[in-house]
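Please have the sequence and the model open while reading.

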Amino acid sequence: MNKKPELIISSLDADRLYDLMESLPAGSFANKEELEAELARATIVEPKDMPSSVVTMNSTVNFIVESSKEEFTLTLVYPKNSDSSGDKISILSPVGSALLGLNQGDEIEWPKPSGLIKVKIKEVTYQPERAGELHR
């Protein structure tokens with residue numbers, strides 16, 4: 001898979017993610033360079049202008065890990081909102097970083113410690129912007 005899908009990220013999410021990455025100790029986030037590159041190539045829009053089928057922070061997304069054909073429905077969260085419930089995924093995890101900014105139907109290959117992982121977005125079942133929560 002050579003061509004990366006278009007990414008759309010809200011200005012609020014971009015600002016918060018840049019602040020988060022700046023606050024992390026050096027070497028504590030393996031995919032920092034990849035996430036920074038994705039933020040740099042993304043189209044940044046105001047929260048009110050976010051298309052309703054794009055994965056934003058705090059969105060709940062149904063996706064497939066292509067290699068295993070496993071299907072998940074998880075909420076993409078900041079590390080401080082992670083817990084052991086099993087229904088959240090941190091933006092700092094390889095899959096979490098891969099999900100941000102993708103649209104329904106998109107797929108992307110993303111680095112992880114043991115190689116690449118390919119994920120495909122089936123559905124954004126909840127998106128804060130779509131629900132009118134523009135500054136969550």
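Is Asp49 buried, partly exposed or exposed? In this predicted model, Asp49 has a relative accessible area of 45% and is therefore partly exposed.

## Salt bridges

The side chain of Asp49 meets that of Lys48 in a salt bridge, with 3.3 Å from N to O. Lys48 has a relative accessibility of 59%, and because exposed means over 50%, Lys48 counts as exposed. The count of salt bridges in the model comes to seven, and among the residues involved are Lys4, Glu38 and Arg41, which are linked in a network.

Another salt bridge brings together the side chains of Lys122 and Glu71, at 3.2 Å from N to O. This pair links distant parts of the chain, since Lys122 belongs to strand E7 (residues 115-126) and Glu71 to strand E4, 51 residues apart. Lys122 is partly exposed at 41% relative accessibility, and Glu71 is likewise classed as partly exposed, with a relative accessible area of 45%.

Glu107 forms a salt bridge with Lys118, and the closest N and O atoms are 3.3 Å apart. Glu107 lies in strand E6 (residues 107-112) and Lys118 in strand E7, so this contact ties together parts of the chain that are 11 residues apart in sequence. Glu107, at 24% relative accessibility, is partly exposed, and Lys118, with a relative accessible area of 27%, is partly exposed as well.

One of the positions concerned is Val77, whose bridge partner in E5 is Ser90.

## A negative patch on the surface

Asp15, Asp19, Glu22, Glu33, Glu36 and Glu46 gather on the surface in a patch of negative charge. Helix H1 (11-23) and helix H2 (32-41) are the elements that give two or more residues to this patch, and the largest share, three residues, comes from H1.

Where does Glu46 lie? Glu46 is found in the loop between strand E2 (43-45) and strand E3 (60-65), and its relative accessibility of 43% makes Glu46 partly exposed.

Technical notes:
Residues are numbered from 1 along each chain as its sequence is written. This is a predicted model: local features need pLDDT of at least 70, side-chain atom pairs count only at pLDDT 80 or more; totals for chains, interfaces and linings use all residues. Side-chain values use heavy atoms; hydrogens and water are left out. Patches are made of residues with over 30% relative accessible area and no salt bridge: like charges are joined within 9 Å, nonpolar side chains (Val, Leu, Ile, Met, Phe, Trp, Tyr) within 5 Å. Accessible areas come from the Shrake-Rupley method with a 1.4 Å probe; for residues, only the protein chains shown count as cover. A salt bridge is a side-chain nitrogen of Lys or Arg within 4 Å of a carboxyl oxygen of Asp or Glu. Lys and Arg count as positive and Asp and Glu as negative; His and the chain ends are not counted. The place of a charge is taken as NZ of Lys, CZ of Arg, CG of Asp or CD of Glu. Helices (H or I, at least four residues) and strands (E, at least two) are DSSP runs, numbered from the N terminus. Buried means under 20% relative accessible area, exposed over 50%, partly exposed in between (1.4 Å probe, protein chains only). Two strands pair if DSSP finds at least two bridges between them.
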